[in-house]
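Hi everyone, thanks for coming.

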Amino acid sequence: MYFSSLFPYLVLICFLARALLLKGSIDGIRHMFTPKLEIMLEAKVWREAATQVFFALGLGFGGVIAFSSYNKRDNNCHFDAVLVSFINFFTSVLATLVVFAVLGFKANIMNSKCVALNTNKIVALLGNGIEPSLIPHHINLTQVSQVTAEDYHQMIQIIKGVKEDEYPKLGLEPCSIEDELNQAVQGTGLAFIAFTEAMTHFPASPFWSVMFFLMLINLGLGSMFGTIEGILTPLIDMFKVRKEFLTVGCCVLAFSIGLLFVQRSGNYFVTMFDDYAATLPLLIVVILENVAIAWFYGIDKFLEDLKDMLGFTPYRFYYYMWKYITPILLLVLLCSSFIQLTMTPPSYSAWIQEEAIEKILHFPPWGIAVCISLVVMAMMPVPVVFCLRYFNIINDNTGGLSTVSYKKGRVIKESPQPEDDDDASLIHGKTPSKAPSPMPGKSIYRKQSGSGGTEVDTAPNGRYGIGYLMADMPDMPESDL
């Protein structure tokens with residue numbers, strides 16, 4: 001775990017130090033920090049930015065919730081959240097600096113090739129469309145390799161000024177580094193085409209290539225650890241199956257689906273899954289999580305639970321952010337995304353081999369059906385589980401599927417007859433001798449007291465189903481899963 005977490009940082013720092021020593025890296029970093037206001041007005045940019053934040057922090061996937069279920073009751077989750085946010089911010093900045101520094105170096109290489117190619121065109125056109133007198137005297141066209149980008153731009157400015165009407169017919173390109181940087185690809189093309197092409201120009205390029213792809217493997221494994229844990233933990237808690245069997249089953253299923261992406265047409269399916277299985281459904285899931293906590297469970301009760309857990313009252317800033325600002329911003333982003341998807345039919349970028357060009361094509365009917373299915377399947381667990389619980393198909397009090405409690409860090413199953421089971425008696429706040437067990441002074445759950453009954457510690461939904469038994473017991477691991 002420590003190797004897979006720290007190794008990418010080591011590689012990124014080495015790449016940054018090496019890239020900053022290469023010609024053109026500063027141009028790439030300058031391009032990175034140059035804002036483009038016209039692009040920031042597009043809803044697609046903000047949706048992709050929000051998706052990137054969700055991916056980087058693991059929001060909406062269930063991995064954060066799964067890992068947090070193993071924390072101790074008095075864990076300082078506020079410090080953890082702030083620390084992870086800052087680490088994610090600095091990691092994103094570091095990775096972006098590396099990418100743009102390397103792309104700046106690549107753009108400089110491509111611009112030099114462009115200057116050499118078009119300088120040869122000027123040499124060929126001398127006396128046949130371009131007068132030799134238009135070439136500045138300090139530029140030596142007998143040695144094309146020594147013509148700099150500044151010299152080339154000076155030549156085409158003079159030629160364009162003198163032969164304004166005939167200039168388009170000459171076929172001379174502007175050869176701008178900014179144009180090269182604006183053509184930078186994204187997604188899989190960035191990692192496997194642009195970045196690797198730039199590394200071929202590195203000194204000792206095989207070493208850097210090996211380091212780069214080892215870093216990608218570690219990043220992929222680290223991401224899948226959290227994703228798989230977010231799938232396994234709730235299933236194991238609910239159905240109490242062997243974790244080894246479930247893990248192997250999930251990995252085999254994921255591997256089988258992944259075979260779809262390694263075909264010759266695999267990149268099209270990668271784009272389809274990335275656009276429709278992760279972006280829009282992930283945004284909807286995060287909105288539902290936010291609204292469920294802030295409005296249905298109650299932001300006041302949630303802050304009170306945090307106070308019991310942390311030992312201090314969280315800042316009032318979180319109250320307004322969680323209840324008003326964040327849901328509104330997410331809903332605006334969701335509505336704009338729906339409007340854009342409605343106005344722009346689903347399409348993809350396809351390479352036409354016969355014409356040797358790239359075109360934007362619309363999905364066939366079966367492709368649109370797959371896109372809709374990906375969106376629906378990603379959101380389906382939310383309404384399905386809601387209906388199962390609403391109609392008591394899954395009932396925490398009747399020994400159903402989700403009748404699971406935690407005692408001394410071990411999963412136990414509630415008995416329908418608590419008077420005959422010592423474990424169930426503990427859950428109901430009693431010892432085997434029917435004496436009330438001592439409860440801690442502070443509890444993360446609210447206490448409900450019946451008329452004349454013993455006050456017991458229950459979950460926020462008033463049930464005894466899933467939750468930690470907060471009795472005065474020796475410190476033990478919260479879960480053995």
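This is a predicted model: local features need pLDDT of at least 70, side-chain atom pairs count only at pLDDT 80 or more; totals for chains, interfaces and linings use all residues.

Okay, cysteines. How many disulfides does the count come to? One disulfide. The two partners are Cys-114 and Cys-175, and their sulfurs sit 1.9 Å apart. The link of Cys-114 and Cys-175 is left-handed, with -75° about the S-S bond.

So which parts does this pair tie together? Cys-114 lies in helix α6, which covers residues 77–125, while Cys-175 is in the loop between α8 (167–170) and α9 (177–182), so the bond connects parts that are 61 residues apart in sequence.

Now, are these cysteines buried or exposed? Buried means under 20% relative accessible area. Cys-114 comes out at 10%, so it counts as buried. Cys-175 is buried too, at 5%. Cys-335 has a relative accessible area of 44%, which makes it partly exposed. Cys-387 is also partly exposed, at 37%.

Let's move to the surface. There's a nonpolar patch here, made of Trp-295, Phe-296, Tyr-320, Tyr-324, Ile-325, Ile-328, Leu-329 and Val-332. Together they have about 880 Å² of accessible area. And where does the patch come from? The elements giving two or more residues to it are α13, residues 266–310, and α14, residues 316–343. Helix α14 provides the largest share, with six residues. Tyr-324 is partly exposed, with 35% relative accessible area.

Last topic, the record. The UniProt entry, which is unreviewed, carries the annotation "transmembrane region" for residues 49–70, 82–103, 207–233, 245–264, 276–299, 320–343 and 363–388. I picked two of those stretches to see what the model does there. Over residues 49–70, the chain is 68% helix and 0% strand, and the end C-alpha atoms are 30 Å apart. Over residues 207–233, we get 100% helix and 0% strand, with the end C-alpha atoms 39 Å apart.

That's my tour. Happy to take questions.

Conventions
Residues are numbered from 1 along each chain as its sequence is written. Side-chain values use heavy atoms; hydrogens and water are left out. A disulfide is a pair of cysteine sulfur atoms within 2.5 Å. Helices (H or I, at least four residues) and strands (E, at least two) are DSSP runs, numbered from the N terminus. Buried means under 20% relative accessible area, exposed over 50%, partly exposed in between (1.4 Å probe, protein chains only). Patches are made of residues with over 30% relative accessible area and no salt bridge: like charges are joined within 9 Å, nonpolar side chains (Val, Leu, Ile, Met, Phe, Trp, Tyr) within 5 Å. Accessible areas come from the Shrake-Rupley method with a 1.4 Å probe; for residues, only the protein chains shown count as cover. A salt bridge is a side-chain nitrogen of Lys or Arg within 4 Å of a carboxyl oxygen of Asp or Glu. UniProt positions are given in the numbering used here, feature names are shortened, and annotations may be inferred rather than shown by experiment.
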